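Please keep the structure open beside them as you read.

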Amino acid sequence: MSEENNKNLEEKVDDKALESKEVEQNIEVASDKIPFVRVFSSVLIDEVITLAISGILLLLVGFILKNVFYSYVTNPLGMYFIIYAVVTVLYNLIMLSLKKSATFGNKFSELKLSKIK
């Protein structure tokens with residue numbers, strides 16, 4: 001008789017443990033908050049990429065102007081900001097329109113952009 005009671009007690013404990021794990025999983029899924037660190041790292045990665053692309057394009061434009069048109073960039077900082085603005089728009093537009101619809105920062109931080117229905 002005591003063996004049956006022990007088995008019933010163990011089954012009840014196992015059921016309660018399973019229920020508590022299911023509740024914890026539901027809480028994790030239902031949570032709509034994204035940790036600040038993940039979002040910050042995603043934005044930081046994307047900004048570093050756009051800054052690097054802008055710098056490379058500025059060097060390329062300077063090289064083309066110097067060697068093809070025998071001219072040079074008189075205000076490199078102003079030109080850099082113009083190129084940066086264009087690259088930022090195009091980077092996000094191109095990356096979000098691809099199949100995965102995520103920038104490199106989003107992929108690294110495991111964030112996903114989804115459409116609200």
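1. The protein chain has four helices and zero strands, and from the N terminus on its elements run α-α-α-α. Helices (H or I, at least four residues) and strands (E, at least two) are DSSP runs, numbered from the N terminus.

2. A word on where this comes from: this is a predicted model, in which local features need pLDDT of at least 70 and side-chain atom pairs count only at pLDDT 80 or more, while totals for chains, interfaces and linings use all residues. Residues are numbered from 1 along each chain as its sequence is written, and side-chain values use heavy atoms, with hydrogens and water left out.

3. How much of the protein chain is buried? Of its 117 residues, 17% count as buried. Buried means under 20% relative accessible area, exposed means over 50%, and partly exposed lies in between (1.4 Å probe, protein chains only).

4. Next, please look at the pair H2 and H3. Helix H2 covers 36–67 and helix H3 covers 76–97. Their axes come within 8 Å and cross at roughly 130°; axes are lines fitted to C-alpha atoms, for helices over the stretch in contact, and angles run from 0 to 180 degrees between N-to-C directions. H2 and H3 are therefore oblique to each other, since angles under 35 degrees count as roughly parallel, over 145 as roughly antiparallel, 65 to 115 as roughly perpendicular and the rest as oblique. The crossing of H2 and H3 is right-handed, that is, the near helix is turned clockwise from the far one by less than a right angle.

5. Phe 81 sits in helix H3 and counts as partly exposed because its relative accessibility is 49%. Phe 81 and Leu 58 are 23 residues apart in sequence, and their C-alpha atoms are 9.6 Å apart in space.

6. Which residues make the nonpolar surface patch? Ile 53, Leu 57, Leu 60, Phe 63, Ile 64, Val 68 and Phe 69 form this patch of about 640 Å². Patches are made of residues with over 30% relative accessible area and no salt bridge; like charges are joined within 9 Å, nonpolar side chains (Val, Leu, Ile, Met, Phe, Trp, Tyr) within 5 Å. A salt bridge is a side-chain nitrogen of Lys or Arg within 4 Å of a carboxyl oxygen of Asp or Glu. Phe 69 belongs to the loop between H2 and H3 and counts as exposed, because its relative accessibility is 56%.

7. Ile 45, in helix H2, is partly exposed, with a relative accessible area of 23%, and its C-alpha atom is 9.2 Å from that of Thr 103, 58 residues apart along the chain.

8. Finally, a backbone check. Most residues other than glycine have a negative phi. Ser 101, in the loop between H3 and helix H4 (104–108), has a positive phi of about 45° although it is not a glycine. Glu 110, in the segment after H4, also has a positive phi, near 60°. Glu 110 counts as exposed because its relative accessibility is 65%.

Notes. Accessible areas come from the Shrake-Rupley method with a 1.4 Å probe; for residues, only the protein chains shown count as cover.
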